[in-house]
Amino acid sequence: MTINKMPLVSIIIPNYNHAPFLKQRIDSVLDQTFQDFEVIILDDCSLDNSREIIESYRNHPKISHIIYNEKNSGSTFKQWKKGIDLAIGEWIWIAESDDWCEAVFLDNVLESDNVNSETVISFAQAYIINEAKKSCYASYNGDALFYNLDGLLFIKKKMLPYNGIWNASQAIFRRKYYYKLSSEYLKYKFCGDWIFWVELSLMGDVAVCGKIISYFRKHDKDVTSKSTKSGIRYFEEFDALRYFNHLLADKAYFSRHNTYYTHYKQLCNIRKSITKEDMKRLKKKYSQQFTSKQKIKLRLNEFFGYLKIF
């Protein structure tokens, strides 16, 4: 269909094999109290009955595009790009197909007293929900309901040494700044969003809504779970670290040692799914993060002594 006027928000729903969650996701988008938006639904060659569910929304007046890939792209971030290139709104919301949100989500992240002309990203807080639909824990960004941070300060406080925007569904961003991004995020299967948000943050302010109004579903088929079990997460995190050091130079202090040592400890829980060859590759990537030979020796001895697998 054709949208008669330019909407303020373009909502992209990239889907792959999330049929059990898809209706709840789409309905939570369409039922927003803020209604100045278009919806773009992308399916990355799903093997389940996603198409049947998507087609039931074919004639909805808010849906501007429904596109099915003939071949799986292999990357959610390539789907992000595809959707953004189709979008016409000032703001972009990537509403992941296995998440959902409160009806007031857009009203809150677009709060006029918090979002200004310098705002690049606006995001709310999220509950992580397990498969039994029980809340596991929630993100937290202070006691204030709304506040702004300079982008570089936001990076220091919230994005380094971890990704403070847990998933795309809890954030919106201004489309015009997207075209100033590098293509670095497209090289990743897991950490692309981390790079995406950091590069955007360097271009302006970040508006933070303290309300927990987005729901981040955790299940065996989600990107994080698969990437953690396979070890891809750890390889990509080290590549992202090197990129951030180059990107930020001396503009931001990046304390990574303790955080990534802690991440390595998590491998104890998943080492059965990671081959010995991959563990050797991880060891090499880990050592590349340090400039001091003494620190390398200390950390590697401490780490591999803890794992007791070499």
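**Aromatic pairs and nonpolar cores**

Good morning. I begin with Tyr127, which at 29% relative accessibility counts as partly exposed. Please bear in mind throughout that this is a predicted model.

Tyr215 itself is buried, with a relative accessible area of 13%. What does this pair tie together? Tyr127 lies in strand E6, residues 119–129, and Tyr215 in strand E10, residues 205–217, so the contact joins parts that are 88 residues apart in sequence.

A second pair, Phe173 with Trp197, is edge-to-face, with 5.9 Å from centre to centre and 75° between the planes. Here strand E9, residues 171–174, supplies Phe173, while helix H7, residues 192–201, supplies Trp197; the two residues are 24 apart. Phe173 counts as buried at 1% relative accessibility, and Trp197 is likewise buried at 1%. Both also belong to a cluster linked by ring pairs, whose members include Phe77, Trp80, Tyr178 and Phe196.

I turn now to the cores. The largest nonpolar core has 42 residues, and Phe173 and Trp197 are among the six that touch the most other members, together with Ile121, Phe196, Leu200 and Phe244. Beyond its neighbours within four places in sequence, Leu200 is in contact with residues including Val120, Ile121, Phe173 and Tyr177. A separate core of 32 residues includes Ile53, Ile66, Trp91 and Val109.

Finally, two charges over rings. The charged end of Arg51 sits over the ring of Tyr68, 3.7 Å from its centre, and Lys62 lies over the face of Phe37, at 4.9 Å from the ring centre. Thank you.

Methods: Residues are numbered from 1 along each chain as its sequence is written. This is a predicted model: local features need pLDDT of at least 70, side-chain atom pairs count only at pLDDT 80 or more; totals for chains, interfaces and linings use all residues. Side-chain values use heavy atoms; hydrogens and water are left out. A nonpolar core is a set of buried Ala, Val, Leu, Ile, Met, Phe, Trp, Tyr and Cys residues joined through side-chain atoms within 4.5 Å. Buried means under 20% relative accessible area, exposed over 50%, partly exposed in between (1.4 Å probe, protein chains only). Contact means heavy atoms within 4.5 Å. Helices (H or I, at least four residues) and strands (E, at least two) are DSSP runs, numbered from the N terminus. Rings of Phe, Tyr and Trp (its six-membered ring) pair if their centres lie within 6.5 Å; planes under 30 degrees apart count as stacked, over 60 as edge-to-face and the rest as tilted. A charge sits over a ring if NZ of Lys or CZ of Arg is within 6 Å of the ring centre and within 35 degrees of the ring normal.
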